[in-house]
Amino acid sequence: MEYIHRPVLLDECIGALNIRSEGTYVDGTLGRAGHSREIAGRLTTGRLLCIDRDSAAIEAARERLAPWMDRVTLVHSNFADLERVLADVDGVDGMLFDLGVSSPQLDDPERGFSYMHDAPLDMRMDRTSPLTAREAVNVWSQEELRRVLFEFGEERYAPAIARAIVKRRVERPIETTLELVDVIKSAMPPAALREKQHPAKRSFQAIRIAVNGELDALPPMLRAAVDKLRPGGRLAVITFHSLEDRIVKRTLRELAQGCTCPPDFPVCICGKKPRLKLCKPVTPSGEEVRENPRARSARLRAAEKLDGFDI
């Protein structure tokens, strides 16, 4: 099936990257190649490296990017391995990372991401990875489940949900998404079940993040990206929930910070200089949110690498 959609914050991303036709660019989260199509179409002698951990995304992109394959390289890898992937690249003029789960992954019930369709518990972005959501909910300790639900899902009923999962799996393994939804609902008070947000949304988000190691990879990935940027190169990152946005914001601020000596020191002795100039965060317009409700929580953070930091 061909998925045609307008990528989130497309115009804003293209503007933030300030694309030059002869430049070298990286789309670190290829997805269904919506952003990559726009970047590739602006290149002449330039190059675009597209990375995704989902082999289905790589295969679908071969068709979607067919008109520009003379300037595109597809890489099946995790952006957590960015330093290795770019080891032989001399320098990059712009990098984009869209941290959202791609629509085809969400919409394909068999991938096990959705709490609206019954499917085997999976949630892996890379289907060669050994850890699935089924293993997580049936093997992890009650304390680990509580921690994951609370830290990654900000789920206020995390202790009760973790207890309910452990109790249910003693009777029989939790095999499918809707079985897990039932367990989650059984642990929540009636008032919580009447809230507008689906009662399983936070728990599914938390388990997905944990299974895919999404948050742990962000700081080293961002540092590796900045290391590879040429002076004047641009970095653009789209986040979709508060946890990842806080990590991206904190990491970029650290890279943009200069001297850290106490203010009463007469001269700087730390020698630290800012590596980035940060841009003001951007959120989708009301029109974009109306056309694509999944864009509602998106936030684009962009930065430019400062001169004086060669690769």
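**Close-up views: salt bridges, sheet and helix packing**

**Glu 38, at 29% relative accessibility, counts as partly exposed.** In these legends, buried stands for under 20% relative accessible area, exposed for over 50% and partly exposed for what lies in between, computed with a 1.4 Å probe on protein chains only. The model is a predicted one, in which local features need pLDDT of at least 70 and side-chain atom pairs count only at pLDDT 80 or more, whereas totals for chains, interfaces and linings use all residues. Residues are numbered from 1 along each chain as its sequence is written, and side-chain values use heavy atoms, with hydrogens and water left out. The side chain of Glu 38 meets that of Arg 42 in a salt bridge with an N to O distance of 2.9 Å, the term meaning a side-chain nitrogen of Lys or Arg within 4 Å of a carboxyl oxygen of Asp or Glu. Arg 42 is likewise partly exposed, at 40% relative accessibility. By this rule, 23 salt bridges are counted.

**Glu 155 and Arg 202 form a salt bridge with an N to O distance of 3.1 Å between their side chains.** Glu 155 sits in the loop between α7 (142–153) and α8 (158–171), while Arg 202 belongs to helix α11 (residues 201–212), so the pair ties together parts that are 47 residues apart in sequence. Helices (H or I, at least four residues) and strands (E, at least two) are DSSP runs, numbered from the N terminus. Both partners are buried: Glu 155 has a relative accessibility of 0%, and Arg 202 one of 15%. If residues up to four places away in sequence are not counted, Arg 202 touches Gly 153, Glu 154, Glu 155, Arg 156, Met 188, Glu 195 and Gln 197, where contact requires heavy atoms within 4.5 Å.

**The salt bridge between Arg 172 and Glu 171 has an N to O distance of 3.9 Å.** Arg 172 is partly exposed, with a relative accessible area of 44%, whereas Glu 171 is exposed, with 55%.

Axes here are lines fitted to C-alpha atoms, for helices over the stretch in contact, and angles run from 0 to 180 degrees between N-to-C directions.

**Strand β2 (residues 47–52) pairs with β3 in the parallel sense over 5 bridges.** Within this pairing, Leu 49 stands opposite Thr 73 in β3. The pairing of β2 with β1 is also in the parallel sense, over 4 bridges, and here Leu 49 in β2 is the bridge partner of Val 26. Of the 6 residues of β2, 5 are buried, so the strand is largely enclosed by the rest of the structure.

**Helices α12 (residues 218–228) and α13 have axes that come within 10 Å and cross at roughly 40 degrees.** This angle makes α12 oblique to α13, given that angles under 35 degrees count as roughly parallel, over 145 as roughly antiparallel, 65 to 115 as roughly perpendicular and the rest as oblique. The contact is made by Leu 218, Pro 219, Leu 222, Arg 223 and Val 226 of α12 together with Glu 244, Ile 247, Val 248, Thr 251, Glu 254 and Leu 255 of α13. Because 8 of the 11 residues of α12 are buried, this helix is largely enclosed by the rest of the structure. The buried residues of α12 are Leu 218, Pro 219, Met 221, Leu 222, Ala 224, Ala 225, Val 226 and Lys 228, and what covers them includes α4 (82–85), β4, β5, α13, β6 and β7.

How values were computed. Pairing = 2+ DSSP bridges.
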